[in-house]
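Have a look at the model first, then go through the points in order.

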Amino acid sequence: MGKPSINPDAEAGHSLWSDAWTRLRRNRAAMCGLAFLGFIILLCFIVPFFPALPDPAAQSLPNKNSGPSLSHWMGTDHLGRDLFSRILHGGRISILVGLITTTVSLTIGVAVGAMAGYLGGKVDAFLMRTVDVLYSLPFLIIVILFSALAKGYTNDFTDWLVDLTGLNRDAIAPFTSLIPLFVAIGALSWLNISRIVRASVQDLAGREFVEAAKSLGLSQQRILLRHIIPNAIGPIVVYATLTIPSVMLFEATLSFLGMGVQPPYSSWGILIKDGADRMLSNPLLLIFPSIFFILTLLSLNFLGDGLRDALDPKSAKD
Amino acid sequence: MAERAAGLGSRALNLPRLTLFPLLALTALCGCKRESAVEHANREGIMLVGNSAEPRALDLQLVTGVPENKIISALFEGLIANHPSDDEALEPGVATRWEHNEDMTEWIFHLRPDAKWSDGVPLTAEDFIFSYHRMLSPGLAAAYAPMLHSIRNAEAYNRDQRGYILCGLDEDFPVAWKTLQHANFSGDPSIDAGDFANRDFNQLSADEKKRLLASRGLDRLNAVQLQAILDEPALFDWPDDIPGDARSLVVQRLLDHIDADLFEFANIGLRAPDRHTLVVTLREPVPYLPSMVRHSTWYPVPRHVILKFGKMTDRFTEWSMNGNLVGNGPFMLKEWRYNHYIEVRRNPHYWDAANVGLNGIRFYPIENPYTEARSFLAGQLHSTYNLPAELLSKVRASHPQYLRTEPYVGTVFLRFNTTRKGLDDPRVRRALSLAIHRAELCQYIYEGFTPATTMTPKLGDYRAPDALDHDLAKARQLLAEAGFPDGKGLPSYAILTSRPHPAVDALQQTFRKLGIRVTIEQKDWGSYIAAQQSLNFDMAMAGWIGDYLDPTTFLDMWTRDNGNNNTGWYSVKYEALLRQAAQQADPSSRNAILAQAEGILMDELPIAPIAWFSRLYLHRPEVRGWHPLVLDNHPWKTITLQP
């Protein structure tokens, strides 16, 4: 009776995840970033389905370079196309590029890194020397070469997909034309993450809980998947949030060079490139897409920062 | 970790930085921040010129583009030079004076005795004959060679009509050409023999041999094939009126000269009675010859340098490259930094070196016109290649002193590859042309340009009937008639372009309205030209600037085998009309025949003219001696910089 009352909440089980979430929630910048990302994803992936939004490819030359108005919220571009609609449609591509290529690169990177780190020895040496070789390849040139080689196949694939599903070609062509880009970037950008995961796994492999798992007779696969990788998740998630913006920037670079999305489809990279050309005649064409792009990148960086703090194993002992 | 992520970013961004390098180099050259590149260049007497694209080479007989031509006109000089302020006035070049006979078929050019190449070697009439020989050689396959076809027998030589040259031009040949000319010399392209040609001739069956020989024609046969005809005359299908001994005589003559260069035999109308006299004999009167010889196809090329780097007919050898090129113009090549700039410096051996106003010119291959305009406004160029129409009102308000809008003789057009499925049907091409809203394009995209109604812009007294209009309903109807209702059944086409341009996006959307799927394919200048010359494209955005002030500069190229045609289209009737016009001395009836020819062109539409150019560019006022010219051929030597 005389015992001090204990807060019942404090007694409830706290998983690593809920701790991290609590810490993340306290980080205002990260939460703002998360909220804005959610908002922008909703905007780009849901609003374009509203019929009220003008067709992003519909030109109206007499109406070109008009300023913001009720019918064109952000004005029109140099061919009289609605800028807001183009930004939202372009955002879908930019965000998809970010998410898909990051997923590809994480999958490969984590698998390679974990195997190298846990198995060690010859496997480690072989995988890491492969990474060294890939590091030495000029990234941009490889991506450009690959995109150029795969171009013809992409068109065939699009035709095949249209025949198979009966989808509107215009709806899927901007995405299928990016497949080589996804594959090429994904296949070459996993190098960093594999090194990070390898280091983490090497560290974790010597810990007591892994020893315990080993002594229980668990299979290597189970140890790796259930015990080691979840503990290395912190750096992986953080790295992912940092890879997304750099891949989106890279898509912008490739589109700038004419290798990314092909007209009339757009991405933020293309919109910014076109806007930069016309910054003397109509600066709004540069300003509006840049705002979306910059805010998205900032949000991802804030979120990444917040996640790093939240998932930091040391802060788990607070 | 942030650093590693940034590592990806910075690796990814390497290339755009490279493209900034020319500008950085410029800034570095300035030395200090206060003095702009232009001010520094003013002190040094060097003009900085935006030149749009990196030239593929500087071999003036092989290149066809305006960017190359700008550089070549600084490095070389023809018999007659351009006047700084009058498109039609003639200035002495290598020739000090020229005269012609009464019917204008023989022209004598008196060359200046002090003319020299930039390495000091004297320039003689023989150099001109070598140059025209090279230009006309079938082996060189120069796109612009037809510009020399008005020289007597030059066309037969250029087209490699060996039978005609060996038998028809030889007055002592025992059989008259009149009898022989019905024989199949040039081949019958309708006979398909593509497969046999790659197989060993002697392994073919008699029937296959016959088909191969008939499809090739006598002029194009090799020694084995000619010998086979000699041994077995029945292999070749001869007209009945040619007697047997005449047949073997022709074949024997062709066999004797199988690999010979027929320049001498062709008796081409070029003669050098002495080192400084060039006599040009024409096949028909060409009153505008002096105007035409100002074009780069008539410039001399240095025999002693070309032969040092390969055979006469080798294409794209090292002779025109950095350090090797020798010219005869007011300037000589000093430095060619690929993708950075080409710099030319004063040529001390030039006959009029004392009156050359500039110490040098630097040509910048800035492909993006927006970048070029920004470089100019930042004080890094004296003159731009062009100005995007979108910036017109902006510049007019902010920098009116730099803005130049001048008339220009040229046409923007869409070139069709008429060998492609769908585009081989004139109705489809007409439908595409009808879909183009030229008035709207000229009002909103090509500001200042005139909507084209024919290929040839308004030139002197020449008027062709208006042929092009905009009618979407009729376009759809034509497509349906051609068997492609709403574009169904047509493949997806790519529009080839050398630079991003809003007009290409507009066309893409326009053709979309017909249900035709169109992509945009951008290539650098050299690949863009090469793709068209090898017919490796569907449609191409193209422009053509007149070479001289006569409608034929817009009409002559649409003939079969012309290196600048690049559409796969030709018409026998069209060519007959052009020949007829060439022989017509009276200007007004000549124009009428040309207009009739243009009617055929605009009926078949291997090209869809879009707009007539006007020259829109930025230019600094300290450049003196630069006057508006409709052909835009500014002689570099009279230009000075006076800040």
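1. Start with S1(B) and S10(B), which pair in the parallel sense over 5 bridges. For a landmark in this pairing, find Ile46(B), which sits opposite Gly360(B) of S10(B). Do keep in mind that this is a predicted model.

2. On to the next pairing. Strand S9 of chain B (residues 341-346) runs antiparallel to strand S10 of chain B (residues 360-364), and 4 bridges link the two. Within S10(B), Ile361(B) is the residue that Val344(B) faces, and Gly360(B) is the bridge partner of Arg345(B).

3. Now zoom out to the whole sheet. It's an open one in chain B, built from 4 strands in the order S1-S10-S9-S8, with mixed pairing. Which strands stand at the edges? They are S1 (46-50) and S8 (331-337) of chain B; each has a single partner strand, so one side of each has no neighbour in the sheet. On average, neighbouring strands are turned by 20° against each other, ignoring direction.

4. Is S10(B) buried or exposed? Its residues point two ways: Gly360(B), Arg362(B) and Tyr364(B) go one way, Ile361(B) and Phe363(B) go the other, and all are buried. With 5 of the 5 residues buried, S10(B) is largely enclosed by the rest of the structure.

5. Staying in chain B, take a look at helix H10 (residues 223-231), where Gln225(B), Leu226(B), Ala228(B) and Ile229(B) are buried. Why do they count as lying on the same side of H10(B)? Because the arc they cover around the axis is only 155°. As background, an α-helix has 3.6 residues a turn, so residues three or four places apart point the same way.

6. The cover over the buried residues of H10(B) includes helix H9 (206-216) and helix H11 (244-256) of chain B. On the face turned away from that buried side you'll find the exposed residues Ala223(B), Val224(B) and Asp231(B).

7. Last stop, chain A. Helix H6 (residues 139-165) and helix H7 (residues 169-176) of chain A pack at about 145°, and their axes are 10 Å apart. The crossing of H6(A) past H7(A) is right-handed. H6(A) brings Thr154(A), Phe157(A), Thr158(A), Leu161(A) and Val162(A) to the contact, while H7(A) brings Arg169(A), Ile172(A), Ala173(A) and Thr176(A). Sorted by class, that contact has 5 nonpolar, 3 polar and 1 charged residues.

Terms used: Residues are numbered from 1 along each chain as its sequence is written. Chains are lettered from A and ligands numbered from 1 in the order in which they are written. This is a predicted model: local features need pLDDT of at least 70, side-chain atom pairs count only at pLDDT 80 or more; totals for chains, interfaces and linings use all residues. Axes are lines fitted to C-alpha atoms, for helices over the stretch in contact, and angles run from 0 to 180 degrees between N-to-C directions. A crossing is left-handed if the near helix is turned anticlockwise from the far one by less than a right angle, and right-handed if clockwise. Two residues are in contact if their C-beta atoms, placed from the backbone, lie within 7 Å. Ala, Val, Leu, Ile, Met, Phe, Trp, Tyr, Cys and Pro count as nonpolar, Asp, Glu, Lys and Arg as charged, and the others, Gly among them, as polar. Two strands pair if DSSP finds at least two bridges between them. A residue is buried if 20 or more other C-beta atoms lie within 10 Å of its own, exposed if 12 or fewer, and partly exposed in between; C-beta atoms are placed from the backbone. The arc is that of the directions from the helix axis to the C-beta atoms.
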